[in-house]
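Dear colleague,

Please find below the structure that I am handing over to you. My notes on it follow directly after it.

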Amino acid sequence: MIAELNGICQRRRAGQVVISVGGIGYAVAVPEPLADSIEVGQECTLYTHLLVRENAISLVGFASANERDLFNTLIGISGVGSKLALSIITKMSPGAFVSAVLAKDEKALVKIPGLGKKGAKRLLLEMETKITKIAQDLPPEPLTTGSAVNPEAKAVLMSLGCTEEEAEKALSAVLADLPADAAVNDIVIAAMSAL
């Protein structure tokens with residue numbers, strides 16, 4: 001397996017770069033934001049996954065090992081192919097994806113091209129057992145779905161009887177005063193006092 005490439009970008013186009021390593025040019029499919037960030041002639045390192053199919057062998061590259069590990073987990077789920085897994089990683093960072101799964105935030109997942117409402121529900125169900133392994137290596141991060149609130153804290157507040165609007169308002173009021181790495185229970189306690 002080719003796990004990592006370190007070389008010079010020879011060419012790029014939407015979703016693909018050609019990396020020259022030791023005189024050999026490797027065509028690597030990458031998330032579009034990554035392709036846009038790599039300049040031709042620039043040295044770069046890509047963490048890769050070698051896809052072997054019946055009719056093709058291809059490389060998929062990522063900016064971090066966490067992205068690659070999430071990709072590997074996603075393609076192991078029934079119904080999630082490499083295109084959908086790449087689409088998920090293009091639209092959400094691994095930390096935001098972990099946050100969405102932990103919060104069971106179907107709305108955040110439905111915004112991913114190729115993943116409808118049924119697919120998002122199935123993905124959340126399938127990821128329930130796999131997310132703990134990913135979350136150990138990768139701390140969740142706030143979702144950027146138009147709301148700057150902690151999705152886990154929001155889910156806890158809503159389970160305690162708050163409406164979505166009340167939970168978001170209370171969390172928005174207290175999050176600025178708390179450290180970025182505050183535990184969910186500390187966030188919830190502070191938000192409850194703000195209600």
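Where pLDDT is low, the predicted coordinates should not be read in detail. Over the protein chain the average pLDDT is 84, and 92% of the residues score at least 70.

This is a predicted model, in which local features need pLDDT of at least 70 and side-chain atom pairs count only at pLDDT 80 or more, while totals for chains, interfaces and linings use all residues. Residues are numbered from 1 along each chain as its sequence is written, and side-chain values use heavy atoms, with hydrogens and water left out.

Turning to the cysteines, the model has zero disulfides, a disulfide being a pair of cysteine sulfur atoms within 2.5 Å. The closest cysteine sulfur to that of Cys 9 belongs to Cys 44 and lies 5.9 Å away, which is too far for a bond. Cys 9 is buried (under 20% relative accessible area, against over 50% for exposed and partly exposed in between, with a 1.4 Å probe and protein chains only), at 1% relative accessibility. Cys 162 also counts as buried, at 13%.

Yours sincerely,
A colleague

Methods
pLDDT is the predictor's confidence in each residue, from 0 to 100.
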